[in-house]
Amino acid sequence: MAEPARAPGRHRHARAAGRAGLAAMGFAVAVMLAVALLGPSAAVPDIGGGDPPWSLRAAPSDALVIRLTWVAVIVGGLGVGAGLYALRRGWLPARGILLAGTVTAVLALTLVPPAGSTDVLNYAVYGRIAALGQDPYLVTPAWLHKLADPVGEFAPLAWRGAPSVYGPLATWAQSAASWLGGESMAGTVLALKAMTGTAFLLSALMLDRLAGPDRERRVRVHLLWSLNPLMLWHVVLGGHIDGLGAFFLVAALLAMRGGGVVAGLAAGALLGAAAAVKAPFLIAGAGLAWAARRSAATFLAMVTGVVATLAAAYATQSPAAFGNLVGKIGAHSLADPWRVITDALGLGTESSTLEGQLALGAAFLIGLLLCWRLPAGPPGLDAVRPALAWCLCWLLTSPVQHPWYDALLFPLLALMPAGRLDGLLIVRGIVTSLIYLPGAIGFLLLQPTALTRWIFEVYRPWVAPLAADLVILCVVVLGFAGALRHRRTPARGADDG
């Protein structure tokens with residue numbers, strides 16, 4: 001007799017947590033907009049003036065910008081966590097509110113200057129090189145910069161000596177953006193952001209459809225993808241090309257749901273397109289292969305679609321396109337989870353081989369563990385569970401860790417049932433995001449404050465890699481304990497809309 005009396009209180013608690021989560025996510029997006037609108041800063045690269053996207057060019061202080069970017073990421077990530085917590089306890093906001101919020105956030109973040117990274121400027125430079133009839137896989141941005149080209153003059157210093165490492169489809173998108181933007185870096189960046197913003201919105205709509213009629217599953221999709229400030233920051237505001245790959249991946253899942261040879265061929269072609277944007281999206285093919293396992297014809301059609309699409313795409317580029325991709329093997333990043341081990345062994349620059357071996361072995365074992373222990377995937381979407389298992393094991397263990405790579409992960413996670421992976425991966429996303437913020441200017445080296453010393457002497461070399469190691473350990477422990485899924489979901493009944 002006590003449970004009915006407690007239920008209203010529980011539902012009020014869920015509703016309060018849900019509203020707080022949405023408020024936190026909205027606040028994070030507002031802070032992101034503020035950072036971008038302030039103009040060129042430690043977080044916002046200079047893309048020139050005269051053309052949209054415009055900003056106030058207020059010259060904010062570095063200290064203000066770093067605090068704003070960190071607040072946006074931390075509060076936004078916590079907001080997603082609060083929303084998921086409320087969802088498990090009965091909170092169900094109106095779908096219209098979520099869709100309206102998504103469209104508003106994506107439109108606003110698309111129309112302002114990029115923030116948190118200079119990668120979109122690299123895309124614009126590679127597109128300009130291609131539009132001028134040169135090969136971006138052979139010609140570096142330094143060539144364009146030396147020509148005093150109006151786009152090349154904004155080429156980020158760190159990448160001026162590096163040819164493109166992106167897939168052919170990414171190069172086509174970059175070239176198209178250059179054609180639209182002409183001799184304006186700002187115009188080219190706006191075109192690129194419009195592409196990734198549109199891809200993000202279409203991915204959200206397809207995920208909503210894949211979630212089916214169940215309201216809880218639909219809300220989960222929007223919390224983990226559409227309204228997730230971590231993804232909005234990197235994919236939409238930052239303009240990372242990973243958003244285009246995510247679009248093709250989600251489209252492949254939607255196509256595969258139909259079943260049959262035609263569906264297999266279409267799904268394979270779409271997955272091949274995703275991999276022709278960035279190669280790691282090919283890992284999700286393990287899920288499509290599993291979904292097609294009962295029909296040899298469907299399986300062969302899927303494989304044919306992947307191979308034919310990739311072969312056709314790479315045939316349009318020079319052999320350097322594939323060579324540059326292979327050259328990325330053995331690279332490292334600031335969030336390298338193996339850094340602690342190799343540094344402790346004193347290997348220094350000789351650590352690449354050992355790190356590669358550790359990453360490959362750990363990825364294989366964790367992938368098998370996840371295939372064994374992940375909760376059952378969504379009905380009618382057999383590809384999602386194994387795709388998540390193998391994509392996640394790669395993202396967890398790779399020596400190259402960037403927060404925008406999670407555009408491969410969150411669409412798959414959003415379609416899965418609620419589990420303890422949710423909180424772990426949100427925390428991981430926050431930690432890896434903070435490493436790369438503010439993201440546009442390496443001002444931290446020039447300001448010997450207590451904060452900057454802590455960032456360079458403690459956070460980046462120790463805290464971030466150790467946090468990545470801790471997430472790996474938690475996944476392994478929870479996997480062996482059979483505790484990756486929440487054991488009980490309370491009854492629905494806290495509608496808020």
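Where does L157 lie? In this predicted model, L157 belongs to the loop between helix 5 (141-146) and helix 6. L157 counts as exposed because its relative accessibility is 67%, and the cut-off for exposure is over 50%. Although L157 and A142 are 15 residues apart along the chain, a distance of 8.6 Å separates their C-alpha atoms.

Helix 6 comprises 14 residues, 168-181, and its first and last C-alpha atoms are 20 Å apart, close to the 20 Å expected. Its buried residues include P168, L169, Q174 and G181. The buried residues of this helix pack against several other helices, among them helix 4 (119-131), helix 7 (185-211) and helix 13 (296-315). Just after helix 6, G182 adopts a positive phi of about 60°.

The second largest pocket holds about 330 Å³ of space. It is lined by 21 residues, of which E216, R217, M416, P417 and A418 are the closest to its centre. Helix 2 (62-88), helix 8 (215-226) and helix 18 (410-415) each contribute at least two residues to this lining, and helix 8 gives the most, with four residues. The composition of the lining by class is tabulated below.

| Class in the lining of the second largest pocket | Number of residues |
|---|---|
| Nonpolar | twelve residues |
| Polar | three residues |

As to confidence, the protein chain has an average pLDDT of 90, and 92% of the residues score at least 70. Residues 1-6, however, have a pLDDT below 50, and this stretch makes one contact in the model beyond near neighbours in sequence. Where pLDDT is low, predicted coordinates should not be read in detail.

How values were computed: Residues are numbered from 1 along each chain as its sequence is written. This is a predicted model: local features need pLDDT of at least 70, side-chain atom pairs count only at pLDDT 80 or more; totals for chains, interfaces and linings use all residues. Side-chain values use heavy atoms; hydrogens and water are left out. The expected span of a helix is 1.5 Å times one less than its number of residues. Buried means under 20% relative accessible area, exposed over 50%, partly exposed in between (1.4 Å probe, protein chains only). Contact means heavy atoms within 4.5 Å. pLDDT is the predictor's confidence in each residue, from 0 to 100. On a 1 Å grid over the protein atoms alone, a cavity is a set of points where a 1.4 Å probe fits but cannot get out, and a pocket is an open set with protein on both sides within 12 Å along at least five of seven lines; lining residues have an atom within 4 Å of a point. Grid points are joined across faces, edges and corners, and a volume is the space filled by probe spheres set on the points. Ala, Val, Leu, Ile, Met, Phe, Trp, Tyr, Cys and Pro count as nonpolar, Asp, Glu, Lys and Arg as charged, and the others, Gly among them, as polar.
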